[in-house]
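Biologist: Hi! Could you walk me through this one while we both have it on screen?

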Amino acid sequence: MIHVVRHRGWPAEASPSALPDPAEAALGIAVTDRAVLRDGVPFVPVSGEIHFSRLPRERWGERLRQMRANGVTLASAYVLWLHHSPRRGVAHFDGGLDVAAFIDECAAVGLGVVLRIGPWAHGEARNGGFPDWVQDAEVEHRSDDPRYLELVAEWFAQLAAHLDGRVRPGGPVLAIQLENELYDRPEHLVTLKRLAREAGMSAPLWTATAWGGADLPAGEVMPLFGGYGDGFWADPEDDWDPSFRAHYFPSHVWDDPGVGADVRAAQGFDAAASEASADTAALLRGFPPATCELGGGMATAYHRRPVLSGRDVAALAHGKIGNGSAWQGYYMFVGGRNPGPGLQETQATGYPNDMAEWSYDFHAPIGQSGDLHGSAALLRAQHAFLSAFGHRLGGMTSTLPEVRAESLDDTATLRWALRSDGTEGFCVITHHQPHIPVQTVPGVQLQVELDDETLLLPSAPVDIPAGTIARWPVGLRVGDARLRWATASALTMLRGGILVLTADHGIPVEVAVADEEPRVVEPGLHEVGGLALLVLADAADAWVLGDELWICDGQLLWDGSRIEARDATRLRRFDAASRRWAEIPVGRPPEAVPVGIRTVRDAGDVPADHGFGGPRHSAPAAAAFDALAAVFALELPAWDGDALLDIDWAGDVAQLRVDGATVDDRFWDGTSWAVSLRDIGADAGGALTLHVLPLSQQSTVHLPESTRRSRADAAQGVVRSVRLRTRSSSVIAG
């Protein structure tokens, strides 16, 4: 079947947005209704959420180097008031709360910053990030109530004094986000902006979350959108909600009514935003479509514990590129751990969900222990593409194909879109979704109608497998050569005009250059019609650092000059000058060793009604947990360096304790649990115990389908194995 898309150009000339304000213009940043620009050239920012206060300070630089190596360009971070201010008049900015030092570390590794200053943030924090003394104040919160504004002004003044001029135009902070998920108080956002400026904080861009049909003040903030493949905020008995499913289809609807809907209802905001607004122009308000919360994973609530695969996460983000996104922003990109007990969202504090007290891993691309989850490599390839071709994408519209899915239940229709300026572009294929598999689409050819020509690719029909995430170039100019089309994903450009493509699983790589006949090529370096093509078999181990291409089966960390290889057994770099691969010797990481597990106490009998506290299940109280949980002593072998525990367990809730104090926890969802011994303060002389509460056999908490075979183990509360592994690391450049 021939699938047709007809390029549609811009309806009018590009128009500048209302930001930046002339007094705050800096860093060459400008915004039009099409793109974000630096020094007049479009680029696509990639922001990744990292919460400095949920990480040990000594990990900041490491995590930021991981982010940059994975293609993130902006570190986005909440400043959670709750973490800093235990009582009125007191604000702590020492140790892991040193916001200024965090910003300095971002600048040192070449990352810009998006500072999300609240004052209300959510972030699954207690009171949405309000300190108890603010939450208990007799004020109308999140409003222009003068009594509330007095508290906010004091906090902003404390924060600005600590930042000491770092959050000013020309510094590393590109944008400031005001509030979060505020739907019907545009005047309050204007007031918060004024208070921040009066305190001494400003930036080229001011942003606000726009989902849920938010009413934002025109010209004052750039609207940013979000989207998640699944969410803990649905009820336990709910199926995969349409608000999640919609993100896996080509669309120009940017609103998402589902994100935070439970908290929105609990706090009494207008419930009119029950359906996504299709009035894109009204929502964008003269800005380009941009995001700040594409789900980099998902947090785990007690009542609902969704797990998304790496491809689930990557497909959602990739679809937004096809839909026209001018800014890719992730929540979360780096997992973490709360800095103390009792800082999580709970039903007891008036919120709908019981979250884990300590863990905030989020199944993010970079987990709380520093491991990469399955989404990292797939997203890294997308980010390399955005870095190499963002200046072109900024001039390209998004056009949807003539034949699209008729409903959210359609799993047969090919899901794709065209980004093009009428002469060149990319067919963005995102044929994947979680939970309900799509079907392989047989016999596909794409007919792309540009301004002056029509391209048909490939030369003969091919099947598009389920799970395909591809970016096929059409009409692409590379120096003096022109690639008419290719059935392989564009990855990057290297020095010397070398175009790097990656094969898409199950699809032959066919290229058509200039007027030559199409030809099928294998992975390797090719000269075709004056065009140098480097074709990779896949991008799983590909890392693009600046204009260099590396292959590494472990991790790379990068600050713009210094490159560190971690846990790698294979490392090589493509030398663009000689057009050869250079092998870099690396030692093998140490083998993981088993940890002794000694049963201290068997689990008690969990009552059938355990966890049932209302419409949503409540996490077990501390007394019930301590009375019923099995206790295992972990007998660690000697180790040296940065060591982690990999814990394979099944149950309901688990806690890890050092010398009797809880340092980490998990709600069971069937995934492995990795813990950094350094981060939890474990040493060779301390007592390390694992406490596992069994899952009631009658429990109706929402669990991933993948846990079904393990639920008998979960009902017993078992620890199958614990292994200790030590990271290997070597500096290979810089």
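**Charges, rings and the overall fold**

Modeller: Happy to. Let me start with a charge and a ring: the charged end of Arg471 sits over the ring of Phe385, at 5.3 Å from its centre. Keep in mind that this is a predicted model.

Biologist: Nice. And what lies over the face of Trp543?

Modeller: That is Arg380, which lies 3.6 Å from the ring centre of Trp543.

Biologist: Let's zoom out for a moment. How many helices and strands are there in the protein?

Modeller: The protein has 13 helices and 43 strands. Its C-alpha trace spans about 75 × 60 × 50 Å along the principal axes.

Biologist: How does the radius of gyration of the protein sit with a compact globule?

Modeller: The two agree: a compact globule of 734 residues would have a radius of gyration near 27 Å, and the protein has 25 Å.

Biologist: What share of the residues is buried?

Modeller: Buried residues account for 62% of the 734. As for the surface, the protein exposes about 26,000 Å², and carbon and sulfur atoms supply 49% of that area.

Biologist: And the contacts, what share of them join residues at least 24 apart?

Modeller: Counting contacts between residues at least 6 apart in sequence, 72% join residues at least 24 apart.

Biologist: Is Pro22 buried or exposed?

Modeller: Pro22 is exposed, because its relative accessible area is 75% and the cut-off for exposed is over 50%.

Biologist: OK, new topic: salt bridges. How many does the count come to?

Modeller: The count comes to 46 salt bridges. Take Arg59 and Asp642, whose closest N and O atoms are 2.9 Å apart. Arg59 lies in the loop between strand 5 (46-49) and helix 1 (60-69), and Asp642 in the loop between strand 36 (630-635) and strand 37 (643-650), so this pair ties together parts that are 583 residues apart in sequence.

Biologist: Are those two buried or exposed?

Modeller: Arg59 counts as buried, at 2% relative accessibility. Asp642 is buried too, with a relative accessible area of 11%.

Biologist: Which residue does Asp262 meet in a salt bridge?

Modeller: Asp262 meets Arg616, at 2.8 Å from N to O. Asp262 lies in helix 8 (residues 261-266) and Arg616 in the loop between strand 35 (596-601) and helix 12 (622-628), so the pair ties together parts 354 residues apart in sequence. Asp262 is buried at a relative accessible area of 13%, and Arg616 is buried at 10%.

Biologist: Which residues do salt bridges with shared partners join into one network?

Modeller: Arg59, Glu62, Arg63, Arg566, Asp642 and Asp679 are joined into one network that way.

Biologist: Back to rings, then. How many aromatic pairs does the structure hold?

Modeller: It holds 22 aromatic pairs. One of them is Tyr330 with Phe333, a tilted pair at 5.7 Å centre to centre and 55° between the planes.

Biologist: Why does Tyr330 count as buried?

Modeller: Because its relative accessibility is 1%, and buried means under 20%. Phe333 is buried as well, with a relative accessible area of 0%.

Biologist: And how do Tyr331 and Phe362 pair up?

Modeller: Tyr331 and Phe362 are edge-to-face, with 5.4 Å centre to centre and 85° between the planes. The pair links distant parts of the chain: Tyr331 is in strand 12 (residues 328-331), while Phe362 is in the loop between strand 14 (359-360) and helix 11 (375-393), 31 residues apart. Tyr331 and Phe362 are both buried.

Biologist: Last one: which residues do ring pairs link into a cluster?

Modeller: The cluster is made of Trp81, Phe93, Phe130, Trp133, Tyr148 and Trp155.

Conventions
Residues are numbered from 1 along each chain as its sequence is written. This is a predicted model: local features need pLDDT of at least 70, side-chain atom pairs count only at pLDDT 80 or more; totals for chains, interfaces and linings use all residues. Side-chain values use heavy atoms; hydrogens and water are left out. Rings of Phe, Tyr and Trp (its six-membered ring) pair if their centres lie within 6.5 Å; planes under 30 degrees apart count as stacked, over 60 as edge-to-face and the rest as tilted. Buried means under 20% relative accessible area, exposed over 50%, partly exposed in between (1.4 Å probe, protein chains only). Helices (H or I, at least four residues) and strands (E, at least two) are DSSP runs, numbered from the N terminus. A charge sits over a ring if NZ of Lys or CZ of Arg is within 6 Å of the ring centre and within 35 degrees of the ring normal. The radius of gyration is taken over C-alpha atoms; the globule rule is 2.2 Å times the number of residues to the power 0.38. Contact means heavy atoms within 4.5 Å. Accessible areas come from the Shrake-Rupley method with a 1.4 Å probe; for residues, only the protein chains shown count as cover. A salt bridge is a side-chain nitrogen of Lys or Arg within 4 Å of a carboxyl oxygen of Asp or Glu.
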